[in-house]
Amino acid sequence: MSWLLVYPILIPVMTAVLCYLFRNTVAGRWISVAGTTALLLASLMLMSEVLDQGVLAAQMSNWDAPFGITLAADLLGGVMVVITAITGLATVIYSLSEIPERLERLGFHALLQTLLMGVCGAFLTGDLFNLYVWFEVMLISSFGLLVLGGTREQLDGGIKYVLLNLISTIMFLSGIGLLYGLTGTLNMADLHLAVRGVENTGLLTTIAVMFMVAFGVKAALFPLFFWLPASYHTPPVAVSAIFAGLLTKVGVYALIRMFTLVFDQDVGFTHTLLLWLAVVTMVTGVLGAAAMNDFRRILSFHIISQIGYMVLGLALYTPLGLMGAVFYLVHHIIVKANLFFVAGVAKRIAGSTDLARIGGLYAHAPLLAFLFLIPAFSLAGFPPLSGFWAKYVVVKAALDLEMWFVAGVSLAVGLLTIFSMTKIWGAAFWPAHPDGIKPRLSDLPVGDRVALMLPIVALAALTCIIGLFPEPFVQFAERAAGQLLDPTDYVTTVLGVQP
Amino acid sequence: MQSLILTTTTRLMAALLLMFSVYALLRGHNLPGGGFIGGLIGATAFILYTIATSVSEARAALRMDPSNLAMLGVGVAALGGMGAGFAGEPFFTGQWLFLFQDGDSYVPLSTVLVFDIGVYMAVFGGILTLVFALEQEI
């Protein structure tokens with residue numbers, strides 16, 4: 001049983017090795033597709049086991065917790081691994097058409113698989129230092145993907161990205177050191193018990209804020225988000241799509257994990273701080289998006305604003321709020337990656353992502369226009385798409401606590417989201433192309449069309465399914481939130497004893 | 001600059017360093033040494049050879065792309081961890097086989113060693129990838 005937890009890490013690493021060795025042949029990319037499919041199957045098996053048995057834990061090398069490295073999956077960890085595999089598979093299929101052979105020969109697929117390994121590892125680990133290691137794996141592979149090809153623009157974005165993320169890493173590592181000095185353990189389940197015996201609560205709150213800053217940079221919280229819009233529009237679209245879908249969400253996941261499992265001592269201070277950070281993040285993100293004139297830059301700023309909603313759900317710290325955060329995480333990964341894919345196809349057939357220089361997509365590529373509207377409306381929170389339920393739950397949680405201002409702001413941000421989506425629609429889809437080009441999907445070779453459109457259609461279908469049949473997903477999120485708020489099951493399974 | 005002293009010494013030193021790196025790798029489980037250190041020492045042999053001759057000659061002497069070697073090492077290390085699966089134990093649990101047992105003396109073989117060999121290859125290849133790339137720029 002413990003091997004189910006290892007597969008989501010083991011499969012990508014073996015795939016990366018094979019992809020790299022066969023990078024100069026056609027086999028490389030198909031190994032990547034096969035490996036990611038296997039990852040999806042393995043993650044589904046893990047998920048069904050978690051649904052069946054509750055929290056799963058495995059002790060690497062048979063060293064008992066809290067001394068060895070623990071892998072653990074609760075409902076949140078499980079669903080994040082599944083969604084990682086889905087996004088990964090969509091990206092690999094998309095990149096079959098988008099990524100030129102030159103980048104494949106430099107090891108594109110191996111880097112992508114390493115990134116998936118890092119993300120899965122971060123979602124599954126039950127050890128704080130191990131989490132740091134996975135963050136490093138992610139940082140290095142994502143930096144590689146960001147600068148692969150080495151244009152001046154990419155290096156510029158890449159340096160900003162890596163510099164700010166290194167600051168977060170230093171913060172994270174110092175926090176780990178202090179926490180270890182204070183409690184003598186880094187196993188998350190053990191920490192849950194150990195922090196209860198800490199006398200110096202002031203220091204504990206300080207450490208909590210250090211972690212907040214460290215994960216805040218990763219999650220692109222206000223005011224630490226500058227690296228994101230500076231870098232996400234430079235690499236190939238497949239890369240920005242998977243970054244947009246997964247990377248910031250790992251930060252949010254880490255926030256949720258730490259601030260429910262470990263730092264739940266001084267909720268009045270830490271979670272109120274998170275609340276206001278979330279509100280400001282929402283507003284800054286959406287205002288930044290309104291000021292942009294590039295397809296991918298608008299979408300990048302929207303990531304920031306949506307991160308605000310997720311952190312808001314965590315900050316409210318009620319069952320409903322956390323349920324909203326979990327629902328939002330899953331919904332957002334699907335929708336955001338999809339919007340970037342659409343932007344990529346628009347760039348391919350209309351020639352640019354600069355809104356002033358494209359157009360005519362509605363007249364000549366109505367299918368693409370339709371497939372843009374689904375994730376765009378879902379992002380803005382239109383019923384009956386998945387975004388509606390996600391926003392509804394979060395706002396409802398705020399209203400239940402009688403936080404009128406917070407609820408009002410999040411509704412207003414939703415309205416502004418529609419504004420910038422209309423802006424994209426009004427510039428890229430509605431008017432004729434300024435250069436008189438007719439951007440048709442049918443001009444693309446058949447193979448390219450399939451590879452580009454298949455992920456978009458599949459992810460759009462997923463959004464619709466979640467939106468139209470929300471009941472099982474909502475129930476799932478509710479159970480996941482319950483596990484987060486009462487981690488007894490998690491702690492017992494990891495440590496193997498009753499706390 | 002070609003130095004006769006350096007090229008002559010390198011022929012001897014490179015062989016010694018490679019041999020010593022394997023020694024460090026094998027004694028690593030219970031004594032100082034292991035895959036990482038061994039890989040570093042082994043890479044030093046080729047770095048010395050690069051300085052004495054040239055990058056292209058060192059590449060030719062290595063016979064395979066160092067980055068391939070590094071990735072292969074990662075794969076071997078992961079395989080070493082998978083060995084535990086055949087015994088039904090968690091990932092990375094060491095599996096031991098004691099050969100030629102005769103009183104107190106035996107030859108211990110383990111999946112830990114396989115892991116160490118993987119690390120050796122990864123470090124060896126990784127360092128040489130960097131050094132060759134840096135040397136070539138100049």
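Let's start in chain B. Strand β1 (residues 96-102) and strand β2 (residues 105-110) of chain B run antiparallel, and five bridges join them. Keep in mind that this is a predicted model. Now the turn. The hairpin of β1(B) and β2(B) has two residues between the strands. There, G103(B) takes a positive phi, near 65°.

On to the interface. How many residues of chain A are in contact with chain B? The count is 16 residues of chain A, against 18 residues of chain B. The area buried between chain A and chain B is about 1,400 Å². Carbon and sulfur atoms give 73% of that area. Which residues of chain A lose the most area to chain B? They are W3(A), M14(A) and Y20(A). Together these three account for 33% of what the chain A side buries.

The rule finds one salt bridge across the interface of chain A and chain B. R23(A) forms a salt bridge with D65(B). Their closest N and O atoms are 2.9 Å apart. For polar contacts, the rule finds seven residue pairs across the interface of chain A and chain B, with both residues at pLDDT 80 or more.

Where does the chain A side come from? Helix α1 (residues 3-21) of chain A gives the largest share of the side that touches chain B, with nine residues. And by class? That side of chain A has eleven nonpolar residues, four polar and one charged.

How values were computed. Residues numbered from 1 in each chain as written. Chains lettered and ligands numbered in written order. Predicted model: local features only at pLDDT ≥ 70, side-chain atom pairs only at ≥ 80, totals over all residues. Heavy atoms only, no water. Pairing = 2+ DSSP bridges. Helix = DSSP H or I, 4+ residues; strand = E, 2+ residues; numbered from the N terminus. Contact = heavy atoms within 4.5 Å. Buried area = accessible area lost by both parts, 1.4 Å probe. Salt bridge = Lys/Arg side-chain N within 4 Å of Asp/Glu carboxyl O. Polar contact = N/O pair within 3.5 Å; in protein donor to acceptor, adjacent residues only side chain to side chain. Nonpolar A, V, L, I, M, F, W, Y, C, P; charged D, E, K, R; others polar.
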